[in-house]
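Subject: Structure for your files

Hello,

Here is the structure for you to look over. My notes on it follow below.

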Amino acid sequence: MASIRANRSVRITDVALMPNALRFAVATTNRDLCFFDLSNGKLCNRIVGLPDVATAVDYCCDERDHDFGALVFGDLGG
């Protein structure tokens, strides 16, 4: 499980549901993107050290091809 530094206030900036991947993505002020399993809420993957804080996260998938999806995010760096 991921540990969050206790000396910093970490906030969630956005969340995106990824239904065909059975995951959801969470962007934080730690400049992280965390991916959690929908069935049990456990952390699956984590991208750390983004250049800027992600402020908006969106996910889209092709309704005809459920093996394809795209997660996009916007950050404070533009």
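Is R23 buried, partly exposed or exposed? With a relative accessibility of 27%, R23 is partly exposed; buried stands for under 20% relative accessible area, exposed for over 50%, and partly exposed for what lies in between, using a 1.4 Å probe and protein chains only.

The model is predicted, so local features need pLDDT of at least 70 and side-chain atom pairs count only at pLDDT 80 or more, while totals for chains, interfaces and linings use all residues. Residues are numbered from 1 along each chain as its sequence is written, and side-chain values use heavy atoms, leaving out hydrogens and water.

Salt bridges

There are three salt bridges, each defined as a side-chain nitrogen of Lys or Arg within 4 Å of a carboxyl oxygen of Asp or Glu. R23 pairs with D37 at 3.3 Å, N to O. Because D37 is in strand β3 and R23 in strand β2, this pair ties together parts 14 residues apart in sequence. Strands here are DSSP runs (E, at least two residues), numbered from the N terminus. D37 counts as buried, at 16% relative accessibility.

Another bridge joins R46 and D32 at 2.6 Å, N to O. It links distant parts of the chain, with R46 in strand β4 (residues 43–47) and D32 in the loop between β2 and β3, 14 residues apart. R46 is partly exposed at 31%, whereas D32 is buried at 4%. Leaving aside neighbours within four places in sequence, D32 has contacts (heavy atoms within 4.5 Å) with V26, A27, R46, I47, V48, G49 and L50.

In the bridge between D62 and R64, the closest N and O atoms are 3.5 Å apart. D62 is partly exposed at 27% and R64 is exposed at 77%.

Nonpolar core and surface

The largest nonpolar core has ten residues: A16, M18, A25, A27, L33, F35, L50, A54, V57 and Y59. Such a core is a set of buried Ala, Val, Leu, Ile, Met, Phe, Trp, Tyr and Cys residues joined through side-chain atoms within 4.5 Å. β1, β2, β3 and β5 (54–61) each supply at least two of its residues, and β5 gives the largest share, three. Leaving aside neighbours within four places in sequence, A16 is in contact with F24, A25, V57, D58, Y59 and L71.

On the surface, L17, L22 and L38 form a nonpolar patch with about 290 Å² of accessible area together. Patch residues have over 30% relative accessible area and no salt bridge, with like charges joined within 9 Å and nonpolar side chains (Val, Leu, Ile, Met, Phe, Trp, Tyr) within 5 Å; areas come from the Shrake-Rupley method with a 1.4 Å probe, and for residues only the protein chains shown count as cover. L22 lies in the loop between β1 (12–18) and β2 (23–28) and is exposed, at 53%.

Regards

Note on methods
Helix = DSSP H or I, 4+ residues; strand = E, 2+ residues; numbered from the N terminus.
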